[in-house]
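The exercises below ask you to read sheets, helices and cores from a structure. Please work through each task before turning to its solution.

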Amino acid sequence: MERFALARGIALKKDNHYQALVARDGALWLVLPQTFMNASGRAVQMLAGFFKIPAEEILVVHDEIDFPAGTARIKQGGGIAGHNGLKDISQRLGSHDYWRLRLGVGRPADKDSGADYVLQKPPAEEREAIEGAIARVLEVMPQILAGDLQGAMQKLHSQDKPVAATPEQPKPEAKKPEQAKPEAKKSEPQKAQTKKPEASKPEPQKTEAKKPQPAPAAPKEEKTGGLKGFFKGLTGSKK
């Protein structure tokens, strides 16, 4: 509202009668309620009733947690989706047929903290996206004021640039390579097993020492063959 008034060179002034900041630009009225959000309909009802403005010619700008930051949508009528400000306006006007300009602010992680969430300042990235959405709305305001809301709707919706909800989720995947460390530890017991055959070397040598000396070569070939096979298995497991 303030951005639009500034662009039009209009000054919003406090009006205690309407309990709102009010400005007029020809047949156009700008109303920024200064009451609590759940009493927003009071100023709308009083001004619309006095100047006989039908609901179909009213555009309500509000935040929308069901849209990501950077989204701007226009629609007419529909439900209030738990929005207390829209609830009060609908009750006081006795109609849901007014137009809505919905600016996405994203949904909080905790569903029960919606009221606190919309009162907090958005992060820098989301704030930039919201400012961009407002800028796109200002571009189509001439069409809206001329009564071409369908044309403004099509142009605005085709330019949506919402911020991704969870851009930092891929980061935990970088920690997966650390899981390879336990595999290196598994090879340690295998190294310990290599010591067992070495301890058994003296035993066959003692038994063979009792045998006649003419055939010492045959036992040596069996030992070298067994060691080669064992080391191949060990190096293979490391690979």
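This is a predicted model: local features need pLDDT of at least 70, side-chain atom pairs count only at pLDDT 80 or more; totals for chains, interfaces and linings use all residues.

**Exercise 1.** How many bridges join strand 5 to strand 6, and do these strands run parallel or antiparallel?

*Solution.* Residues are numbered from 1 along each chain as its sequence is written, and side-chain values use heavy atoms, with hydrogens and water left out.

Strand 5 and strand 6 are joined by five bridges and run antiparallel; A72, for instance, has L103 in strand 6 as its bridge partner.

Then place this pair in its sheet, which is open, has three strands in the order 4-6-5 and shows mixed pairing. Strand 4 (59-64) and strand 5 are the edge strands, each pairing on one side only.

**Exercise 2.** Which strands does helix 5 lie across, and at about what angle does helix 5 run to strand 6?

*Solution.* Axes are lines fitted to C-alpha atoms, for helices over the stretch in contact (heavy atoms within 4.5 Å), and angles run from 0 to 180 degrees between N-to-C directions. Helix 5 lies across strand 4, strand 5 and strand 6, and runs at about 155 degrees to strand 6. Helix 6 also packs on the sheet, where helix 6 touches strand 5 and strand 6 and makes about 150 degrees with the direction of strand 5.

**Exercise 3.** Which residues touch the most other members of the largest nonpolar core?

*Solution.* A nonpolar core is a set of buried (under 20% relative accessible area, 1.4 Å probe, protein chains only) Ala, Val, Leu, Ile, Met, Phe, Trp, Tyr and Cys residues joined through side-chain atoms within 4.5 Å. Among the 19 residues of the largest core, those touching the most other members are L30, A72, I74, V137, I144 and L156. Helix 5 (124-145) is among the elements that supply at least two residues each, and helix 5 gives the most, with five residues.

Finally, consider L156: leaving aside neighbours within four places in sequence, L156 is in contact with residues including A72, I74 and V137.

Notes
Buried means under 20% relative accessible area, exposed over 50%, partly exposed in between (1.4 Å probe, protein chains only). Helices (H or I, at least four residues) and strands (E, at least two) are DSSP runs, numbered from the N terminus. Two strands pair if DSSP finds at least two bridges between them.
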